[in-house]
Amino acid sequence: LARRAIRQVPWETQATARRVYLYLVLAVSACVAAFGFVSLFRWWLGAHEFNGLHLALPLVWGLVWAFHWRQVDLEKQDHPANDTVGPLYIYAASLAGLVMLLVGMGIMWQRVFLSAYDAIFATELLSSAGVGLWTNTMRTAMAIAATGAVYWWWHWHRASRTSGAIPAGAANDLRQAYLYIFAILAGSATVVISLSVVLFRLLSWAFGGPDTPAAGDYFRFLPSALSALVAGGGLWGYHWAVMRQEAQAAGTLPAARRVYRYLVA
């Protein structure tokens, strides 16, 4: 039905309803395929037994995504210059992939830092069978991070740019909102919250009473706080560098930066 509409009315490719259809199918198929890829990677890493869905979901929905992305690419020259449907999908998918990447990496760092902390400060030997770094939690985190990295890289570094140029119009507005509000602000907020938690716990321990737990038990929160601090700092630092580069190239400061400054204040 969708292809017949173009054969009957060639300028149907310029209709907003068609672009909403194409990008909505892309979004749904990307979500289902991402779930399938995470399950496939978890099985490949030995986190659980094989299930047919581990191959069926990424294969079927990956083909659905690839077919519609090819259709979008063929019709891209017919899109109006102020089109917001495509950029909205691209930056939403970039954000989703980035969140998956940071969550996966954060869990991995937390497990590594916790193992190092226990090796230094633990007073008891744990006897559970799942002790160590190579646990199901680590495998799941690696699967989530790998899938998110691919999704983020493709949408952020490939789909969001045309011949390396900075997008213009509505696409640039959405890009700046993504940079300032969802990336830089989120990264700086994560850093501030993590440092606040660490400072609060340090002050509580320094001024605590005789019932304060031993330092080895009390500071067991540090691996989690440190992993969040590393993730937030990396998120902020990378996107701040991108923002500075693009601001110098454009020669102007976008309105999103003004909103970002007041939100930080």
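**Stop one: a patch on the surface**

Start by selecting Trp 43, Trp 44, Phe 50 and Leu 55: together they make a nonpolar surface patch with about 480 Å² of accessible area. A patch here is built from residues with over 30% relative accessible area and no salt bridge, with nonpolar side chains (Val, Leu, Ile, Met, Phe, Trp, Tyr) joined within 5 Å and like charges within 9 Å. The areas come from the Shrake-Rupley method with a 1.4 Å probe, and for residues only the protein chains shown count as cover.

Before moving on, some ground rules. This is a predicted model, where local features need pLDDT of at least 70 and side-chain atom pairs count only at pLDDT 80 or more, while totals for chains, interfaces and linings use all residues. Residues are numbered from 1 along each chain as its sequence is written, and side-chain values use heavy atoms, with hydrogens and water left out.

Now zoom in on Phe 50, which sits in the loop between α2 (16–44) and α3 (53–75).

Pick Gly 46 next, in the loop between α2 and α3. Gly 46 is partly exposed too, at 46% relative accessibility. Which residues does Gly 46 touch, leaving aside its neighbours within four places in sequence? Show Asn 136 and Arg 139: both are in contact with Gly 46, contact meaning heavy atoms within 4.5 Å. Gly 46 and Arg 139 are 93 residues apart in sequence, yet 7.7 Å apart in space, C-alpha to C-alpha.

**Stop three: salt bridges**

The whole structure holds five salt bridges, each a side-chain nitrogen of Lys or Arg within 4 Å of a carboxyl oxygen of Asp or Glu. For one of them, select Glu 75 and Arg 18, whose closest N and O atoms are 2.8 Å apart. This pair ties together distant parts of the chain, with Glu 75 in helix α3 and Arg 18 in helix α2, 57 residues apart. Glu 75 is buried at 4% relative accessibility, and Arg 18 is buried at 6%.

Then try Asp 73, which bridges to Arg 70 at 3.8 Å between the closest N and O atoms. Asp 73 and Arg 70 are about one helical turn apart, because they lie three residues apart in helix α3. Asp 73 also bridges to Lys 76, at 3.7 Å. Shared partners join Arg 70, Asp 73 and Lys 76 into one network.

**Stop four: helix α9**

Jump to α9 (residues 255–264) and select Ala 256, Arg 257 and Tyr 260, which are buried. Look down the axis: these buried residues fall within an arc of 100°, so they line one face of the helix. (The arc is taken from the directions from the helix axis to the C-beta atoms.) On the face turned away, find the exposed Arg 258 and Tyr 262.

**Last stop: confidence**

Finally, colour by pLDDT, the predictor's confidence in each residue from 0 to 100. The protein's mean is 86, and 89% of its residues reach 70 or more. Residues 125–130 are below 50, and this stretch has two contacts in the model beyond near neighbours in sequence. Where pLDDT is low, the predicted coordinates should not be read in detail.

Conventions. Buried means under 20% relative accessible area, exposed over 50%, partly exposed in between (1.4 Å probe, protein chains only). Helices (H or I, at least four residues) and strands (E, at least two) are DSSP runs, numbered from the N terminus.
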